[in-house]
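Here are a few exercises on side-chain pairing and packing. Try each one yourself before you read the worked solution.

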Amino acid sequence: MAPPSVLDNCLEDCNSETCPDINWEDIGFSLVPTDYMYVMKCAKGEKFSNGNLVRYGTFEISPAAGILNYGQGIFEGLKAYRTEEGSILVFRPEENALRMKAGADRLCMSSPSVEQFVNAVKDTVLANKRWVPPAGRGTLYLRPLLMGTGASLGVGPSTEYTFLIYCSPVSNYHKGPLNFKVEEKLYRAISGFSGTGGIKSVTNYAPVYPATTEAKAEGFSDVLFLDAATGKHIEEASACNMFVVKGNAICTPTIDGAILPGITRKSVIAIALDLGYQVTECAVTVEEMLDADELFCTGTAVVVNNIASVTYKNTKVEYKTGSETVAQKLRKTLLGIQTGTIEDRKGWTVRVL
């Protein structure tokens, strides 16, 4: 059964539009508790019905829940943007819904329909609209979660599933120039389609902590992982896809089951083709990366960012950065579409307000 709705109170709060006491210039990429979250439940073998908005906060869960014992859970990430005119746009939420369904199928989980997912995103944004930063000063980051919450001691799919969305205003994920380190000992995912590298399983992220913690202690921004089969090809960083640029050619590692099919990645490829670049999805060797003119990363959190340097086997290679790079041209176009300053001819944005 869904928790009691507080929709009436939510609408009253939304209409009052009281501005939160927050310094938009100093939010960074950390949790700022907002007003409401969206919750929807279903039993194993059943379909999700409509959920409810409830006050943001903690909730009870069985210690025998599938998410806690066996890691049966996936998550998504997307953003809401305020335009100069005050409207609010969400970027490609249906793609997040489809990716969540693919992950749910892989982990034997029930999942919301695309329509349910998108409507839940809209409701969550509207309920927390006062937390959407002013244009150009950040975004409202939404975190949809799908969790096995039914109690079961044996190894197997959960008896109940909970879909939940919470949100937080954020700004830049990374600060300053990005300097990556190539990780040669630990691997992010099993090569090919045997593992879960291609879905946003909650189990994908904690295993990279030793590598990222060590790298950040050494002064690096993030870790670039190699393929587990040969250790000769780049895959992705801890939370973003990778692109290499050589002249007019842009290459990015193929989605082969080990690499997350990023929605920003997919969008950037389409934009790059529109701008006349030659884009190839293929295996990218370490040597090809080291010989590139530019290296950049993409993701919901990082958007599109130049990487200033990569260190591989104690050798540091530097790349082009600055406003005239391919990455920044792509970033400008993408953000223009997301914030409404460039006409959205692809139908990527969904207007919430």
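The model is a predicted one, where local features need pLDDT of at least 70 and side-chain atom pairs count only at pLDDT 80 or more, while totals for chains, interfaces and linings use all residues. Residues are numbered from 1 along each chain as its sequence is written, and side-chain values use heavy atoms, with hydrogens and water left out.

**Exercise 1.** Find where Glu-184 and Lys-313 sit, and classify both by accessibility.

Step 1: Check the pair. Glu-184 and Lys-313 form a salt bridge (a side-chain nitrogen of Lys or Arg within 4 Å of a carboxyl oxygen of Asp or Glu), with the closest N and O atoms 2.7 Å apart.

Step 2: Helices (H or I, at least four residues) and strands (E, at least two) are DSSP runs, numbered from the N terminus.

Step 3: Apply the cut-offs. Lys-313 is exposed, because its relative accessible area is 52%; Glu-184, at 35%, counts as partly exposed.

**Exercise 2.** Describe the salt bridge between Glu-95 and Lys-266 and the network around it.

Step 1: The N to O distance is 3.2 Å for Glu-95 and Lys-266.

Step 2: Glu-95 belongs to helix H3 (residues 93-106) and Lys-266 to helix H6 (residues 263-274), 171 residues apart.

Step 3: Glu-95 is buried, because its relative accessibility is 16%, whereas Lys-266 is partly exposed at 41%.

Step 4: The structure holds 15 salt bridges.

**Exercise 3.** Work out which residues have the most contacts inside the largest nonpolar core.

Step 1: A nonpolar core is a set of buried Ala, Val, Leu, Ile, Met, Phe, Trp, Tyr and Cys residues joined through side-chain atoms within 4.5 Å.

Step 2: The largest one has 33 residues, and Val-121, Val-125, Leu-142, Leu-146 and Phe-163 have the most contacts inside it.

Step 3: Helix H4 (114-127) is among the elements giving two or more residues to this core. H4 supplies the largest share, five residues.

Technical notes: Buried < 20%, exposed > 50% of the residue type's maximum accessible area, 1.4 Å probe, protein only.
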